[in-house]
Amino acid sequence: MAGTEEDQKFCLQEVLDTFKLCLSENKEVYLEHYVAGWRGLIKFLNSLGSVFGFISKDAVNKIHILVTLLNGESGSQYVTVQSMVTYELENDLVDLTKRGSHPESGCRTLLRLHRALRWLELFLERLRTSSEEGKTSVMCSEAYNESLSQFHPWVVRKAAGMAFCMLPGRPAFFEVMNVGPAEQVVAKLGEALPLISEVYQITEELYTRQSLMDLP
């Protein structure tokens, strides 16, 4: 039986398998598998030490909120991201313009994870296509500046920039992915990233269509 440490170990294959399960036949996003995919990504962040703590702690908190909604009395409304959006909007359960009585709505909570997923997608894509000597601190900073940074206050951006300078080299990242030598990691990322990207794009289009991209 695997011990706790083994359970906490990140494996890129698991994340790939989870994101494969995320989409229904008609391209709806299953919330349960989205959350499971994020659990795997958090293991990845945590396996690199405390550098990504400011993102992983927030993601853990957001996952907890979504799991509570999934297991709550209205859980059947939260099976997919699409059904969640429809249900919360129809029942006025989303603070659309300012923080009010629904600060932990599913729509708002998922939006925060959605933004962070974009950063991870961009970063992992850079890792996949970079050379062996590629600087992970630069890759991570570029990905962050293209995505999450615009939603963070200056003090968090500053701390993030300093944290990224402490990142280990590319081989260390490949090692924690637990799928074998570098070429296998690159191949596995090549499989995983289009899936993550598709889940991201479907969510992005849904939120844009419903004018939910700027929830307070």
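**Close-up views of the predicted model**

**View 1. Cysteines and the disulfide count.** The count of disulfides, taken as pairs of cysteine sulfur atoms within 2.5 Å, comes to 0 in this predicted model, in which local features need pLDDT of at least 70, side-chain atom pairs count only at pLDDT 80 or more, and totals for chains, interfaces and linings use all residues. Residues are numbered from 1 along each chain as its sequence is written, and side-chain values use heavy atoms, with hydrogens and water left out. The sulfur of Cys-140 lies 10 Å from the closest cysteine sulfur, that of Cys-165, which is too far for a bond.

**View 2. Helix H4 and its cover.** Helix H4 (53-70), a DSSP run of H or I with at least four residues, numbered from the N terminus, has 18 residues and reaches 25 Å from its first C-alpha to its last, close to the expected 26 Å (1.5 Å times one less than its number of residues). Its buried residues include Ile-55, Ala-59, Lys-62 and Leu-66, and what covers the buried residues of H4 includes helix H3 (31-46) and H6, contact being heavy atoms within 4.5 Å.

**View 3. Lining of the largest pocket.** Of the 14 residues that line the largest pocket, Asp-58, Arg-112, Leu-148, Phe-151 and His-152 lie nearest its centre. Helices H4 and H6 (106-129) are the elements giving two or more residues to this lining, and H4 supplies the largest share, 5 residues.

Definitions and conventions: 1 Å grid on protein atoms, 1.4 Å probe; cavity = no way out; pocket = protein on both sides within 12 Å on 5 of 7 lines; lining within 4 Å. Buried < 20%, exposed > 50% of the residue type's maximum accessible area, 1.4 Å probe, protein only.
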